[in-house]
Amino acid sequence: MSSELKSHWNNAYKKDDSQLGWFEDYPKQTMKLVAQTKLPKDAKILNVGAGTTTLIEALLDAGYTNLIANDLSENALEKLQFRIKKSHNYDLNGVVDDLTNPEILNQLESIDLWIDRAVLHFFLTENEQDTYFNLITKLVSKNGFVLIAVFETNGAKKCCGLDLQRYNVTMLETKLGPDFELISTFNYSFINPFGGERPYIYTLFKRQICN
Ligand SMILES: C[S@@+](CC[C@H](N)C(=O)[O-])C[C@H]1O[C@@H](n2cnc3c(N)ncnc32)[C@H](O)[C@@H]1O
């Protein structure tokens with residue numbers, strides 16, 4: 001991932017959160033799948049490419065206590081950590097790192113739930129995608145879960161000015177491999193703050209075997 005992309009994302013987060021094309025007031029679809037995991041409240045949850053997501057408030061409000069947020073953009077993570085400290089007096093563990101060239105993330109261990117909304121589709125090369133899925137295999141524990149919400153194959157071709165690789169459920173199953181069983185999936189058309197329709201596919205997988 002180039003330093004231009006890092007600047008691109010840092011610049012994106014100079015806007016108010018409500019002006020971001022992917023902003024959602026409450027991440028209802030993600031929380032629906034989180035509830036299906038039936039994980040204990042102290043489960044270790046890693047939200048990759050978190051940006052300034054409202055998911056962190058939603059998870060804290062639902063009682064989850066062990067949260068890690070990653071992003072390439074330090075601007076995004078600083079904004080998120082500041083907001084969460086103010087609203088929930090919670091010291092959010094933030095990891096600034098590149099999912100396509102991880103140097104810190106790969107040292108984390110035993111993640112019970114990996115959550116990605118609207119990040120994977122930015123990785124266009126096979127090498128970037130392989131690095132992302134290898135990281136999942138390295139970090140997600142036995143019986144752990146992977147929740148991926150990504151632009152589906154009929155979805156928009158660009159987001160935030162960047163080209164996208166769109167997915168269907170079979171593509172995600174193939175990338176994750178046989179260790180991960182599909183538990184739940186649905187399509188959801190997100191209407192962005194500017195009225196644009198952005199069709200997503202939501203998926204929840206469970207890891208079947210030991211790391
Ligand atoms: C469309 S936004 C989605 C943000 C958040 N997941 C949400 O749903 O509100 C994509 C996010 O992915 C982050 N991102 C892009 N490439 C990344 C990479 N290589 N490693 C980590 N984060 C990345 C961006 O900085 C941005 O915050």
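Start by selecting helix α5, residues 126–139; helices here are DSSP runs of H or I with at least four residues, strands are runs of E with at least two, and both are numbered from the N terminus. Helix α5 has 14 residues, and from its first C-alpha to its last it reaches 20 Å, close to the 20 Å expected at 1.5 Å a residue (the expected span is 1.5 Å times one less than the number of residues).

A word on what you have open: this is a predicted model, in which local features need pLDDT of at least 70, side-chain atom pairs count only at pLDDT 80 or more, and totals for chains, interfaces and linings use all residues. Residues are numbered from 1 along each chain as its sequence is written.

Staying on α5, show Tyr132, Leu135, Ile136 and Leu139, which are buried. A residue is buried if 20 or more other C-beta atoms lie within 10 Å of its own, exposed if 12 or fewer, and partly exposed in between, with C-beta atoms placed from the backbone. These four residues cover an arc of only 100° around the axis, so they sit on the same side of α5; the arc is that of the directions from the helix axis to the C-beta atoms. Now turn to the other side of α5, where Glu126, Asn127 and Asn134 are exposed.

Next, go to the ligand. Which residues come nearest? Of the 21 residues around the ligand, they are Trp9, Gly49, Gly51, Leu72 and Leu99 (a residue is near if its C-beta atom, placed from the backbone, lies within 6 Å). Colour this shell by class and you will find 12 nonpolar, 6 polar and 3 charged residues. Ala, Val, Leu, Ile, Met, Phe, Trp, Tyr, Cys and Pro count as nonpolar, Asp, Glu, Lys and Arg as charged, and the others, Gly among them, as polar.

Keep Trp9 selected; its place is in helix α1, residues 3–12. Trp9 counts as buried because it has 21 C-beta neighbours inside 10 Å. Leaving aside neighbours within four places in sequence, Trp9 is in contact with Leu72, Ser73 and Ala76, where contact means C-beta atoms, placed from the backbone, within 7 Å.

Now select Asp97, in the loop between β3 and β4. Asp97 has 19 C-beta neighbours inside 10 Å, so it counts as partly exposed. Beyond its neighbours within four places in sequence, its contacts are Asn70, Pro102, Glu103, Ile104 and Leu105.

Two backbone stops follow. Asn89, in the loop between α4 (74–88) and β3 (93–96), has a positive phi of about 50° although it is not a glycine. Asn89 counts as exposed, with 8 C-beta neighbours inside 10 Å. Cys160, in the loop between β6 (158–159) and β7 (162–163), also has a positive phi, near 55°. Cys160 is partly exposed, with 14 other C-beta atoms within 10 Å.

Finally, zoom out. The chain has 6 helices and 9 strands, and its C-alpha trace spans about 45 × 40 × 30 Å along its principal axes. Of its 211 residues, 35% count as buried.

Definitions and conventions
Contact = placed C-beta atoms within 7 Å.
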